[in-house]
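Here is a short report for a reader new to this structure.

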Amino acid sequence: MSIPKITGVELGGDATRPLLVVGPSLGTSATTLWGEVAARLSDSFHVVGWNLPGHDGAPVGEPFTMAELAAGVLAYVDGVRTARGQESPDSAAGKPGFAYAGDSVGGAVGLQLLLDAADDVSAAVLLCTGAKIGEPDAWHERAGVVRTSGTPTQVSGSAQRWFAPGFLEREPQTATALLGVLQMTDAEGYAQVCEALAGFDVRDRLGEISAPVLAIAGAEDVPAPPAGLEEIAAGVQRGQVVVLDGVAHLAPAEDPTRVADLLRDHVGTGSPASPASPTLQQVYDAGMTVRRAVLGDAHVDRATAAITPLTAEFQELITQYAWGSIWTRPGLARRDRSIAVLTAMIARGHHEELAMHIRAARTNGLTVEEIKEVILQSAIYCGVPDANTAFRIAQRVLDEG
């Protein structure tokens, strides 16, 4: 085996907090990609990041596979866990050693860790990635170009792939920092990562993954489109998916607030600074985060804009109690909650709400085939006429995309 030596960086928090390990995308560094998210999570987590070979000064060795890269990351994390020692809350509670979040190739490493080191990873958030990313020939071709002409050849194309329209103009400092890391990345290190991605395909192994997985997709992501994240969420044993509007391939940099909120919600904190019982405002805030994640910003913004003095308290009620108290509970994955809600909407004949929750079910990872099965099941237990109407509504919603 050729296990690369992985180096990392402290991004926030300290060893008295649960360990969160974050991984970068090809051509980026942990600091530039995850810095803003880590700043938002440092009150609850000890956040450490790792860098790809040849990236941000990390050493370059022999070529490696994705499994070998993941083994190198695990060796680095083992060193962090050893250094945490008795200060760490993990071992004392008898819990797995760390939570993991990774973007693009960092997400691919996360999948590999979930397969090869399942007892070590308590939960994972996989962003803008796939169980297979791109095509082998394209990765080998890019590796050849970079070895011949260097990583600056990738700056223009990456600027288009990485960011949703308008991001460069809104956040020029962030974009410049990310593209600067790419330009300074070692050509051989970059090429080796391309070749590891060329050989990576774990689609037929997703069912082995039992840890809870949140897959986060960018609606504007071309290299790793939402379909690949939906495939992950549907394939693992306990998966859910969220699609972020206005985000392309580098979600942690493009929308750090939403990513931090989703990560905190999925992984949990265990922070000693957390109150024993959340305040009503905290319940409301958590509910709004989940509501936006499930229904989409556009829908929630429309509902919020339509609030009147008559409806304001009702909107607060459903956000606080339906979304903040029920949808945030850990006992069911969001995709399972969607199944329950679809059945209830069909049974009660709430057709407008059914259409909304069919869209939400797709966001939460249900396939068209699974939605069909829910309606068929409802035909037996709720009634054929109800199922007939549900199929008509579902067809209209799914045709709208």
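## Aromatic pairs

Searching the whole structure turns up 3 aromatic pairs. Rings of Phe, Tyr and Trp (its six-membered ring) pair if their centres lie within 6.5 Å; planes under 30 degrees apart are stacked, over 60 edge-to-face, and the rest tilted. The model is predicted: local features need pLDDT of at least 70, side-chain atom pairs count only at pLDDT 80 or more, and totals for chains, interfaces and linings use all residues. Residues are numbered from 1 along each chain as its sequence is written, and side-chain values use heavy atoms, with hydrogens and water left out.

W162 and F163 make an edge-to-face pair. Their centres are 6.0 Å apart, with 80° between the planes. W162 is buried at 4% relative accessibility, and F163 is buried at 5%. Buried means under 20% relative accessible area, exposed over 50%, and partly exposed in between (1.4 Å probe, protein chains only). W323 and W327 are stacked, because their ring centres lie 4.8 Å apart and their planes meet at 25°. Both of these tryptophans, W323 and W327, are buried. One aromatic cluster is formed by W162, F163 and F167.

## A buried histidine

Where is H357 found? H357 sits in helix α17, residues 351–363. Helices (H or I, at least four residues) and strands (E, at least two) are DSSP runs, numbered from the N terminus. H357 is buried, at 7% relative accessibility.

Which residues does H357 contact, leaving aside neighbours within four places in sequence? They are W323, W327, V341 and L342. Contact means heavy atoms within 4.5 Å. The stacked pair W323 and W327 is thus part of this list for H357.

## Helices α5 and α9

Helix α5 (residues 136–149) and helix α9 (residues 187–198) have axes that come within 8 Å and cross at roughly 170°. Axes are lines fitted to C-alpha atoms, for helices over the stretch in contact, and angles run from 0 to 180 degrees between N-to-C directions. The two helices, α5 and α9, are therefore roughly antiparallel. Angles under 35 degrees count as roughly parallel, over 145 as roughly antiparallel, 65 to 115 as roughly perpendicular, and the rest as oblique.

On the α5 side, the contact includes W139, R142 and R147. On the α9 side, Y190, C194 and E195 are among the residues involved. By class, the contact has 10 nonpolar, 2 polar and 4 charged residues. Ala, Val, Leu, Ile, Met, Phe, Trp, Tyr, Cys and Pro count as nonpolar, Asp, Glu, Lys and Arg as charged, and the others, Gly among them, as polar.

## Salt bridges

How many salt bridges does a search of the whole structure find? There are 17. A salt bridge is a side-chain nitrogen of Lys or Arg within 4 Å of a carboxyl oxygen of Asp or Glu. R147 and E195 form one, with their closest N and O atoms 2.7 Å apart. This pair links α5 to α9 across 48 residues. R147 is partly exposed at 36%, as is E195 at 24%.

D43 and R264 meet in another, at 3.5 Å from N to O. D43 is in the loop between α1 (30–41) and β3 (46–51), while R264 is in helix α12 (residues 256–267), 221 residues apart. K372 and E369 also pair, at 3.0 Å. Both lie in helix α18 (residues 368–381), 3 residues apart, about one turn of the helix. Through shared partners, R258, R292, D297 and D301 join into one network.
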